[in-house]
Amino acid sequence: VDMCSSINVTEATVASAHGSVTCSWNAVSAAGFVQVGAYAVLSTYSQYVGDQLQFEYYDALSLTNADPQIGSTEGGTVLFISGANFRKDDVSQNMFGSTAVVAHVVSSALSIVETPPFASRGIKTIYGSVYENAPSIGFSVVD
């Protein structure tokens with residue numbers, strides 16, 4: 001079992017493959033630091049592995065527009081989401097409430113998603129990642 005921890009950022013995504021662990025935290029809005037730790041749980045004890053840590057920092061994601069701004073409850077509307085700092089190398093996801101959809105990153109300023117089906121009409125929130133505190137924009141769902 002591989003774990004990541006941070007003192008001042010609570011939500012983390014952990015992926016483990018081929019002998020490496022990737023820990024990802026959302027960017028914080030205020031300047032400062034993020035204290036992190038990576039652990040490998042071996043049998044009944046934990047071992048801190050700090051000598052092989054690598055860090056990458058990225059500018060925070062922002063969303064500015066979704067086009068079109070109206071879609072059907074049936075889903076399937078292709079949205080062009082504009083903003084800044086989309087990462088083309090990432091397998092990215094956007095959230096519509098609690099439903100994750102794959103985002104196809106075209107460039108650092110454009111991402112394309114297909115809306116899921118919705119149970120009801122109204123304004124829905126599109127989050128720029130799987131974190132509900134991620135940047136977001138609104139999208140109107142009609143019949």
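Aspartate 143 is exposed in this predicted model, because its relative accessible area of 68% lies over the 50% that marks an exposed residue. This aspartate forms a salt bridge with arginine 121, in which the closest N and O atoms are 3.8 Å apart. The pair links distant parts of the chain, since arginine 121 belongs to the loop between S11 and S12, whereas aspartate 143 sits in the segment after strand S13 (136-142), 22 residues apart. Arginine 121 also counts as exposed, because its relative accessibility is 56%, and the count of salt bridges comes to one.

The secondary structure consists of 13 strands and zero helices, so that reading along the sequence gives the pattern β-β-β-β-β-β-β-β-β-β-β-β-β. Eight strands form an open sheet with mixed pairing, and their order is S6-S8-S11-S10-S9-S12-S13-S7. At the edges of this sheet stand strand S6 (62-67) and S7, and because each has a single partner strand, one side of each is left without a neighbour in the sheet. From one strand to the next, the twist averages 35 degrees. In general, the strands of a sheet pair through backbone hydrogen bonds, and the pairing may be parallel or antiparallel. Within the sheet described here, strand S9 (residues 92-96) pairs with S12 in the antiparallel sense, over two bridges, and phenylalanine 96 has isoleucine 126 of S12 as its bridge partner.

Both of these bridge partners are also listed among the residues with the most contacts inside the largest nonpolar core, which has 15 residues; the others listed are Leu79, Ile81, Val113, Ile137 and Phe139. At least two residues of this core are supplied by each of S6, S8, strand S10 (99-107) and S13. Nonpolar side chains tend to be buried together in soluble globular proteins. When residues up to four places away in sequence are not counted, leucine 79 touches Asp67, Pro68, Phe96, Ser111, Ile112, Val113, Thr115, Ile126 and Phe139.

Threonine 115, one of the residues touched by leucine 79, is found in the loop between strand S11 (110-114) and strand S12 (122-127). This threonine counts as buried, because its relative accessibility of 3% falls under the 20% limit. Apart from neighbours within four places in sequence, threonine 115 is in contact with Gly75, Gly76, Thr77, Leu79, Phe96 and Phe139. Glycine 76 itself is placed in another loop, between strand S7 (70-72) and strand S8 (78-84). Although glycine 76 and threonine 115 are 39 residues apart in sequence, their C-alpha atoms are 5.2 Å apart in space. With residues up to four places away in sequence left out, glycine 76 touches Glu114 and Thr115. In contrast to the buried threonine 115, glycine 76 is partly exposed, because its relative accessible area of 39% falls between the limits of 20% and 50%.

For the protein as a whole, 28% of the 143 residues count as buried. Among the contacts with a separation of 6 or more, 50% are accounted for by residues 24 or more positions apart. The protein exposes about 9,300 Å², and carbon and sulfur atoms supply 52% of this area.

Definitions and conventions. Residues are numbered from 1 along each chain as its sequence is written. This is a predicted model: local features need pLDDT of at least 70, side-chain atom pairs count only at pLDDT 80 or more; totals for chains, interfaces and linings use all residues. Side-chain values use heavy atoms; hydrogens and water are left out. Helices (H or I, at least four residues) and strands (E, at least two) are DSSP runs, numbered from the N terminus. Buried means under 20% relative accessible area, exposed over 50%, partly exposed in between (1.4 Å probe, protein chains only). Contact means heavy atoms within 4.5 Å. Accessible areas come from the Shrake-Rupley method with a 1.4 Å probe; for residues, only the protein chains shown count as cover. A salt bridge is a side-chain nitrogen of Lys or Arg within 4 Å of a carboxyl oxygen of Asp or Glu. Two strands pair if DSSP finds at least two bridges between them. Axes are lines fitted to C-alpha atoms, for helices over the stretch in contact, and angles run from 0 to 180 degrees between N-to-C directions. A nonpolar core is a set of buried Ala, Val, Leu, Ile, Met, Phe, Trp, Tyr and Cys residues joined through side-chain atoms within 4.5 Å.
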